[in-house]
Amino acid sequence: ISGKIIDVKEVQQFNNVDEILNGLIGSLEQVPPMYSSIKQNGVKLYELAREGITVERNTRVIEIKKLIRTSELLYEDGCCKFKFKTTVSKGTYIRSLCVEIGKRLGYPALMNKLERTRSGNFCIEDSYTIENVINDEFKILSNYEAVKDKNIYFINEKLNKRVMNGMSLRLNSNEDLLYLVYNNELVGIYEKENEEYKAKRVWN
């Protein structure tokens, strides 16, 4: 929001904001913003942006799973502000989503605040403050708890011995990547290669 102003247009009253937001739910092609860590020719885009350089970026397909307005429309100084909550797929840039919402409303738009409330199976409600950590009021998750939302595959003792030695496995699954759990502990991450799964990472 502290960047260079490239376009200005005085906002009129809206009556279709919720309709626009609903229309964005689903698959969407998105252009990553210049202020992102994506590399182009070995250089991060935000490094180019800080030098005032803008380059063409490839689009990527992302998914908007939920998009709901959570505040009233605030009209002030020719601008309109409102808050929304969204659930999106990995690789989605909310900054670019704000720009797209503006385009569909017919106005230039930008993001001025972002709060991440969930990442995978980690929620902000379950997080701890710095003060909690200082006062030893926190819980360290086991590696299994940390990946509960992944493709979990429970194995027996015989298979666990093979995992401990990093050996390939034949498993009854069609997933490309499996998180192997033995006795409620994550023991390995295996990736499918042809008809077998091979070790990508093993803990022993």
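## An aromatic cluster

Phe14, Tyr75 and Tyr107 are joined by ring pairs into a cluster. This is a predicted model, and a search of the whole structure turns up 3 aromatic pairs. In the pair formed by Phe14 and Tyr75, the ring centres are 6.5 Å apart and the planes meet at 35°, so this pair is tilted. The two residues come from distant parts of the chain: Phe14 sits in the segment before helix 1, Tyr75 belongs to strand 5 (residues 74-76), and 61 residues separate them.

How covered are these two partners? Phe14 is buried, with a relative accessible area of 16%; Tyr75, at 28% relative accessibility, counts as partly exposed.

## The largest nonpolar core

Phe14 turns up again in the largest nonpolar core, which has 18 residues. Phe14 is one of the residues with the most contacts inside this core, a group that also includes Leu24, Ile64, Leu67, Leu97, Ile101 and Leu105. Helix 1 (17-23), strand 4 (60-69) and helix 3 (94-105) each supply at least two of the core residues. Which element gives the largest share? That is helix 3, with 5 residues.

Leu105 shows how the parts meet. Setting aside its neighbours within four places in sequence, Leu105 is in contact with Phe14, Asn16, Val17 and Ile20. A second, separate core of 11 residues includes Tyr153, Leu169, Leu178 and Tyr197.

## Strand 4 and its partners

Strand 4 has two antiparallel partners to look at. With strand 1 (residues 26-30), strand 4 pairs in the antiparallel sense over 5 bridges, and here Ile64 of strand 4 is the bridge partner of Gly26. With strand 7 (residues 84-88), strand 4 again pairs in the antiparallel sense over 5 bridges, and Leu67 stands opposite Thr86 of strand 7. Ile64 and Leu67 are both among the residues with the most contacts inside the largest core.

Now for the later part of the chain. Strand 11 (residues 177-182) is mostly covered, with 5 of its 6 residues buried. Strand 10 and strand 11 run parallel, joined by 3 bridges; Ile152 has Tyr179 of strand 11 as its bridge partner. Strand 11 also pairs with strand 12 (residues 185-193), this time in the antiparallel sense over 6 bridges, with Gly188 in strand 12 as the bridge partner of Leu180. These two strands form a hairpin with 2 residues between them, and Asn183 in the turn has a positive phi of about 50°.

## A second ring geometry

Tyr144 and Phe154 form another aromatic pair. Their ring centres are 6.2 Å apart and their planes are at 75°, so the pair is edge-to-face. Tyr144 lies in helix 5 (residues 143-146) and Phe154 in strand 10 (residues 152-154), so the pair ties together parts that are 10 residues apart in sequence.

Just after helix 6, Gly166 takes a positive phi of about 70°.

Note on methods. Residues are numbered from 1 along each chain as its sequence is written. This is a predicted model: local features need pLDDT of at least 70, side-chain atom pairs count only at pLDDT 80 or more; totals for chains, interfaces and linings use all residues. Side-chain values use heavy atoms; hydrogens and water are left out. A nonpolar core is a set of buried Ala, Val, Leu, Ile, Met, Phe, Trp, Tyr and Cys residues joined through side-chain atoms within 4.5 Å. Buried means under 20% relative accessible area, exposed over 50%, partly exposed in between (1.4 Å probe, protein chains only). Helices (H or I, at least four residues) and strands (E, at least two) are DSSP runs, numbered from the N terminus. Contact means heavy atoms within 4.5 Å. Rings of Phe, Tyr and Trp (its six-membered ring) pair if their centres lie within 6.5 Å; planes under 30 degrees apart count as stacked, over 60 as edge-to-face and the rest as tilted. Two strands pair if DSSP finds at least two bridges between them.
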